[in-house]
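Visitor: I would like a close look at one part, the contact between the chains. Please set it in the context of each chain before going into detail.

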Amino acid sequence: MQFWIIQGLNSLSLGGLLFLLSSGFSLIFGLMRLANLTHGAFFMLGTYFGATALRSYDGLNIWVTALGAGIAVAAIGGLFERLVLTRLKTNPLGQVLVTLGMSFIISDACLLLWGGDSIPVPTPQNLQSPTRVLGFVFPTYRLVLVGCAVGAAIVLYFLLERTRLGAMIRAGVDDRQMARAVGIPVSNLFTLVFCLGAGIAGAGGVLGGPILSAYPGLDADMLPLALIVVILGGIGSLLGAFIGSFIIGFIYTYGTALFPELAYIILFLPMIFVIAFRPQGLFGRVGA
Amino acid sequence: MKWIAAALLAALLVLLPFFAGDFYINLASQILIAAIFALSLNLLVGYGGMTSLGHASYLGVAAYISALLTSRYGWGHGPAAVISISGTTAMAAFFGVIALRATGLGFLMITLALSQVLWGLAYRMSNVTNGDNGIAGLTRPMPFGISLDSAASFYWFALVVTLVGFLMMTIFASSAFGSSLKGVRDQPRRMAALGFNPWMIRWITFIYAGFWGGTSGLLYVYYNKYIHPTSLSTTSSAEALLGVIAGGSGTLSGPVVGAALVLLLKNYASAYIERWNMLLGLVFLFIVLVMPTGIVPGLRKLATGLCRGSR
């Protein structure tokens, strides 16, 4: 029983991390029609930033670190979008290829700067003691992480559904040309959403650090999970990213625990089912 | 003029081992393998408009099947090659059914996800694939009793396979079917209205590309006598895609030129610096931003411009 419940919590926390990663990916895809393959690298960059900051300054608050790393990664993403992606507006394939190239550059730069050994990220001290709920012992940090992801989902939901900015983004997602025609600065929105997505991924990387630790290849481990989440949930849908993240979190965690060698195959079964019966994903709209 | 050039090139290719050292012969063999791999990817990217980021799956899986059958189960090279190629082709048929539910970026993401799954499997299923250690100590086949262990004999073997592959893929692309493929790439709805089945045309192309990808994988494992999960990685797929795009996708000779350039760059760069992935990324940015149509179309444009200027 303990096993199932603990693995259940692990699934939830992985799902939360996946949401922080895939929500940005999904937003960027929805608005810009761009499969941002740099997204895993942004996540990894956040983890490395977090690891360096938290290890060199004792007692540094992880939330502040996550915010700082998020802003730093958002800035890098924004520069990349402004300097490179905007030049390729008419060339969607070229855009994907440069994001792929950028992901190689970032991951190799991380290898150069931080070396090949994995760097553990300390769990914040006030969250190290386990929590007891109904006689079961839970690692507190993971519980907090789930709360974080849910909080981020709520904030994103309000941002998209209840603010003027969100209305403009939704207009851009639905019909880019009409949005431009009524005076919405779509190019600036692109930069903004790209920064936002990169920033969430970077902050998520810091928060995931204590669980995953920073290692070369983290980007290649996370990117396929994000892709599968987004394909499963439906491209460009926040709700889809949310539900998909937790589905994949559960499948991956239980799969790894029960059938360690087949976890990767189990992971892609739901994706096949969804693609076979609902190609646009669980919550995607037709033609997305 | 064109024929003389082709004959000269053919003579150069056939006679290369007589005047080049082993290092260059081996380099040429690697280029041939990369060329056939890039050509198969070009069928999808250039002629079909289906940008796949998972083409290394076919190379890697064919190589792994052959390596496992010959080393672990003691099969002969002949039956192992047959099983390996047909298994890879069957996998392409299956993956095609999944990936071709989507087009464009969705297709790209699905192929990438599928190939990452295989890459993860090769790493994690260490009792089968030997994980990060890879499978070493493999042998080369002996077709008709001829040993391929010397650099020159393997080069000729690879040359024959590559030429057959080049011809077969050229015929495929310039056939009526190839024309309908290009039609589906440019105007899928019109083609459907004309009574063609776009999905079926794409699927057949996907399987055919998987077949030749698998063939290049066999050559790859014969050449290296070793296989490691990195051959299934995104980097491996991306190198091939870079070759296709750098050389000029949708042209017959472009992918060969591009693959050769990428391979030479990799070989020479890795002699001086360790940062191949970073260089690969930078080359990606450079090619896409500066030479989006590729080298071969670019040079051709330049050549026609010069001809017109001299006239």
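Guide: Chain A has 288 residues, for which a compact globule would have a radius of gyration near 19 Å; the chain has 19 Å, so the two agree. That radius is taken over C-alpha atoms, and the rule is 2.2 Å times the number of residues to the power 0.38. The model is predicted, so local features need pLDDT of at least 70 and side-chain atom pairs count only at pLDDT 80 or more, while totals for chains, interfaces and linings use all residues. Residues are numbered from 1 along each chain as its sequence is written, and chains are lettered from A and ligands numbered from 1 in the order in which they are written.

Along the principal axes, the C-alpha atoms of chain A fill a box of roughly 60 × 45 × 35 Å. The chain contains eleven helices and two strands (DSSP runs, H or I of at least four residues for helices and E of at least two for strands, numbered from the N terminus). Their order from the N terminus is α-α-α-α-β-β-α-α-α-α-α-α-α. Of the 288 residues in chain A, 52% are buried, with 20 or more other C-beta atoms within 10 Å of their own; exposed means 12 or fewer, partly exposed in between, and C-beta atoms are placed from the backbone.

Chain B has 14 helices and zero strands. For its 311 residues the globule rule gives a radius of gyration near 19 Å, and the 19 Å of chain B agrees with this. Its C-alpha atoms occupy a box of roughly 60 × 50 × 40 Å along the principal axes, and 50% of its residues are buried. Among contacts in chain B between residues at least 6 apart in sequence, 76% join residues at least 24 apart; a contact means C-beta atoms, placed from the backbone, within 7 Å.

Now the part you asked about. Here 31 residues of chain B are in contact with 34 residues of chain A. On the side of chain B that touches chain A, the elements giving two or more residues are α5 (104-124), α11 (234-247) and α13 (276-290) of chain B. The largest share, twelve residues, comes from α5(B). By class, this side of chain B has 22 nonpolar, six polar and three charged residues (Ala, Val, Leu, Ile, Met, Phe, Trp, Tyr, Cys and Pro count as nonpolar, Asp, Glu, Lys and Arg as charged, and the others, Gly among them, as polar).

B:Ala113 touches A:Pro224, A:Leu227, A:Ile228, A:Ile231, A:Phe268 and A:Met271, leaving aside residues up to four places away in sequence. B:Ala113 and A:Ile228 are also the residues with the most contacts inside the largest nonpolar core, which has 187 residues. Such a core is a set of buried Ala, Val, Leu, Ile, Met, Phe, Trp, Tyr and Cys residues joined through C-beta atoms within 7 Å.

Notes. Contact = placed C-beta atoms within 7 Å.
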